[in-house]
Amino acid sequence: MTRPAGRGAAAASHDGRFRYKLNAMPFVITDPCIGTKDSACVDVCPVDCIHPRKDEPEFEQASMLYIHPEECIDCGACVPACPVAAIYDSPESTPASQKHLIEANAVYRAGDADAVARAEALVKQHAAEHADLMAIAPAERAAAHGKS
Ligand code: SF4
Ligand code: SF4
């Protein structure tokens with residue numbers, strides 16, 4: 001499948017952590033996806049940049065879905081499709097409580113076991129540091145993002 005060019009959003013620095021270029025504005029999936037994971041966003045994404053899909057082997061084990069920051073074309077279609085308001089339109093607009101998940105979106109790569117493990121470890125770290133958010137039902141979690 002030929003994909004439109006993305007925005008070259010994330011770059012790995014020498015210490016292996018991902019940094020965002022100033023002009024990068026990829027969309028970001030956050031913690032209301034944990035416990036929801038219904039793939040509604042996958043169904044509307046025109047460039048197939050949200051993973052894992054239900055037909056990918058990582059789907060059952062994945063805690064949430066992730067947007068590939070270099071392939072996202074910022075069309076915005078996924079935002080209204082998400083039933084739990086999990087998707088923000090840029091790292092800058094994503095609440096500070098979700099910072100580990102910004103990085104998790106950046107590192108996840110379908111079919112790369114190491115990248116999948118790193119993303120899932122970031123999700124676990126997020127959950128450990130935000131037990132308050134995790135105690136809230138997914139549908140209500142986004143409303144609490146700014147308070148955590
Ligand atoms: S903004 Fe568009 S391209 Fe980016 S993840 Fe959402 S639906 Fe896909
Ligand atoms: S639509 Fe929302 S909850 Fe469903 S998989 Fe996508 S980001 Fe997760």
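Of the 148 residues in this protein, 39% count as buried. Keep in mind that you're looking at a predicted model. Its mean pLDDT is 88, and 82% of the residues reach 70 or more.

**Overall layout**

- The protein is built from six helices and six strands.
- If you walk along the sequence, those elements come in the order β-β-β-α-β-β-α-β-α-α-α-α.
- Take the contacts in the protein with a separation of 6 or more: 67% of them are between residues 24 or more positions apart.

**Where to be careful**

- Over residues 1-6, the pLDDT is below 50. Beyond near neighbours in sequence, this stretch still has ten contacts in the model.
- Residues 8-23 also have a pLDDT under 50, and the model gives them 23 contacts beyond four places in sequence.

**A look at helix H4**

- Helix H4 covers residues 113-129, which makes 17 residues.
- Which residues of H4 are buried? Val 116, Ala 119, Leu 122, Val 123 and His 126 are. They take up an arc of only 125 degrees around the axis, so they sit on the same side of H4.
- Turn to the other side of H4 and you'll find exposed residues: Ala 113, Asp 114, Ala 117, Lys 124 and Ala 128.
- So what covers the buried residues of H4? The cover includes strand S5 (66-67) and helix H3 (99-107).

**Around ligand 1**

- There are 14 residues surrounding ligand 1. The closest are Cys 45, Cys 72, Cys 75, Ala 77 and Cys 78.
- Sorted by class, this shell around ligand 1 has twelve nonpolar residues, one polar and one charged.

**Around ligand 2**

- Ligand 2 has 14 residues around it, and Cys 33, Thr 36, Ala 40, Cys 41 and Cys 82 come nearest.
- How does the shell around ligand 2 divide by class? Ten of its residues are nonpolar, two are polar and two are charged.

Notes. Residues numbered from 1 in each chain as written. Chains lettered and ligands numbered in written order. Predicted model: local features only at pLDDT ≥ 70, side-chain atom pairs only at ≥ 80, totals over all residues. Near = placed C-beta within 6 Å. Nonpolar A, V, L, I, M, F, W, Y, C, P; charged D, E, K, R; others polar. Helix = DSSP H or I, 4+ residues; strand = E, 2+ residues; numbered from the N terminus. Expected span 1.5 Å × (residues − 1). Buried ≥ 20, exposed ≤ 12 C-beta atoms within 10 Å, placed from the backbone. Arc of directions from axis to C-beta. Contact = placed C-beta atoms within 7 Å. pLDDT = per-residue confidence, 0-100.
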